[in-house]
Amino acid sequence: MKFVIVFAALLAVALARPDAEITRLDSDVQPEGFKFGVATSDGFIHDAEGHLLNVGSDHEEISVKGSYSFVGDDGQTYTVNYIADANGFQPQGAHLPVAPEA
């Protein structure tokens, strides 16, 4: 059920782009994982894959790995690769600031 909620939320974000049409939509939702991909006519692309870890235990968690790209107002395409798991949302992208090393 958790995956259905996560998938629905991510799909809602993609569908909320009023002036863009969906050009690709792939999805596979299983009880213990999901894969999806969406692309829109304005250059937005989002692909993700998630897995339920520690199934049946008191420590079940979702681990998601994905990436999204979009065309900025400056015409440049920006890409963010991310992991979202028990350690939080961990984005990486050439345009994102990086914290100084301790």
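Author: A definition comes first: buried means under 20% relative accessible area, exposed means over 50%, and partly exposed lies in between. The model is predicted.

Reader: Are phenylalanine 34 and phenylalanine 36 buried or exposed?
Author: Under 20% is the limit for a buried residue. Phenylalanine 34 falls in that class, and phenylalanine 36 does too. For both, the answer is buried.

Reader: Why does the pair of phenylalanine 34 and phenylalanine 36 count as stacked?
Author: A search of the whole structure finds four aromatic pairs. In the pair of phenylalanine 34 and phenylalanine 36, the ring centres are 6.3 Å apart. Planes under 30 degrees apart count as stacked. This pair is stacked because its planes stand at 25 degrees.

Reader: Which class does tyrosine 78 fall in, buried or exposed?
Author: Tyrosine 78 forms a stacked aromatic pair with phenylalanine 70, at 5.6 Å centre to centre and 25 degrees between the planes. Phenylalanine 70 has a relative accessible area of 28%, so it is partly exposed. Tyrosine 78 has 17% relative accessibility, so it counts as buried.

Reader: Which residues do ring pairs link into a cluster?
Author: Rings pair if their centres lie within 6.5 Å. Such pairs join three residues into a cluster: Tyr68, Tyr82 and Phe89.

Reader: What pattern does the protein chain follow along the sequence?
Author: The chain holds one helix and six strands. Read along the sequence, the pattern is α-β-β-β-β-β-β.

Reader: Which strands are the edge strands?
Author: The six strands form an open sheet in the order S1-S2-S3-S4-S5-S6, with antiparallel pairing. An edge strand here pairs on one side only. The two are strand S1 (22–30) and strand S6 (88–92).

Reader: How many bridges pair strand S3 with strand S4?
Author: Strand S3 covers residues 45–53, and strand S4 covers residues 61–71. Aspartate 47 stands opposite serine 67 in S4. The two strands pair in the antiparallel sense, and the bridge count is nine.

Reader: What is the bridge partner of tyrosine 82 in S6?
Author: Strand S5 (residues 77–85) runs antiparallel to S6, and five bridges join them. A hairpin of two residues connects S5 to S6. Across in S6, the partner of tyrosine 82 is proline 91.

Notes. Residues numbered from 1 in each chain as written. Predicted model: local features only at pLDDT ≥ 70, side-chain atom pairs only at ≥ 80, totals over all residues. Heavy atoms only, no water. Pairing = 2+ DSSP bridges. Helix = DSSP H or I, 4+ residues; strand = E, 2+ residues; numbered from the N terminus. Phe/Tyr/Trp six-rings, centres within 6.5 Å; stacked < 30°, edge-to-face > 60°. Buried < 20%, exposed > 50% of the residue type's maximum accessible area, 1.4 Å probe, protein only.
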